[in-house]
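Q: Could you take me closely through one part of this structure, the aromatic rings and the pocket beside them in the discussion, and explain each term as you go?

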Amino acid sequence: GQSARGFCEARADPVLGWHQRDTDAGDLHRLLLSQPSQPSQPALAASHAGERLLQPYARTQPNQETMVKFEVKPFATLSGTDKDDIKTGVEARFKHNDMVLKVRTDDSALRGGGACDGLVLSAKKAGAFEFVYDVGTHGTALTFHSSAMVGDKDVGLKYMGKDSVLEGTVSLDDKNTATIGWNLGQGKPDYKQMNLKWHYRHDDKWAVEPSYDFGKEAFAAKVIHTLDDENRITAKYDASANTGNLMWSNTSIGGPGLLRVSAESSLSDDGLKSMPVFRAEKVFDIEL
């Protein structure tokens, strides 16, 4: 998208303090002898004002913050070897300043679903709110973002209306970040409505994120290893579901866009005897 270019006009300031009186030939002669090469101050001011008026209009550079950005992101997901395990779709994104509007659809309608199946609309304003509407299922999700000062710490607040969950996130130092979640939709307050997540960044390559759900009395953990600017490995363990997941992310293979390849397996005795569930997804970034 192109942004309108603004124009600014230079205007001359009024020249003040001009006083005129009658002069004779002697006054003129003395003036020329005393200042043969320097014009008077009123003359300089008038000259500078004239120069400013004669300058061409100055065209300002386009303000990058007001430009509209349009992106198209086709995607393909592979979750098996059967033809029904391949799903394709596209996401269109319109961005203006910190407001993002997205339209996402997949091929569910072509596989015997309803005309609106797979169509999702969303609007997001960074640091304020996010609204998601699934047209096919008529499902809605609304998330609010805010912040509050607690002591000398800035606590980020996030409320997810679909699940009635309030989260508070605080950065303790440059390595440790804590997040506390509270489920507000389960009657009177109780500690079992809480969940706790801790993010520890060891260095630029390694990070660990343990979490605990008091309601499920279940522990989960995630380890993130950044190989380089384009590759990342993430390992997850979920005690509640008794599953393990290993995912590789890449941003260059197949062109610009995120490629994710994952393998998930049940950690039960029977699950360990079967093949993991493999899944691959590629998003193609096209910026217009």
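A: Rings of Phe, Tyr and Trp (for Trp, its six-membered ring) are paired if their centres lie within 6.5 Å, and a pair counts as stacked with planes under 30 degrees apart, as edge-to-face with planes over 60 degrees apart, and as tilted for the rest. By this rule the count comes to three aromatic pairs. The model is predicted, so to speak with care, local features need pLDDT of at least 70 and side-chain atom pairs count only at pLDDT 80 or more, while totals for chains, interfaces and linings use all residues. Residues are numbered from 1 along each chain as its sequence is written, and side-chain values use heavy atoms, with hydrogens and water left out. One of the pairs joins Tyr191 and Phe214, which are edge-to-face at 6.3 Å centre to centre, with 80° between the planes. Tyr191 lies in the loop between β11 (176-183) and β12, and Phe214 in the loop between β13 and β14, so this pair ties together parts that are 23 residues apart in sequence; strands here are DSSP runs of E with at least two residues, numbered from the N terminus. Phe214 also pairs with Tyr212, and because their planes stand at 85°, with the ring centres 5.0 Å apart, this pair is edge-to-face as well.

A pocket is an open set of points on a 1 Å grid over the protein atoms alone, where a 1.4 Å probe fits and protein lies on both sides within 12 Å along at least five of seven lines, and lining residues have an atom within 4 Å of a point; the volume is the space filled by probe spheres set on the points, which are joined across faces, edges and corners. Of the 17 lining residues, the closest to the centre are Ser211, Tyr212, Asp213, Ala220 and Asp238. The strands β12 (194-201), β13 (206-213), β14 (218-226) and β15 (231-238) each supply at least two residues of the lining, and the largest share, five residues, comes from β14.

Conventions: Helix = DSSP H or I, 4+ residues; strand = E, 2+ residues; numbered from the N terminus.
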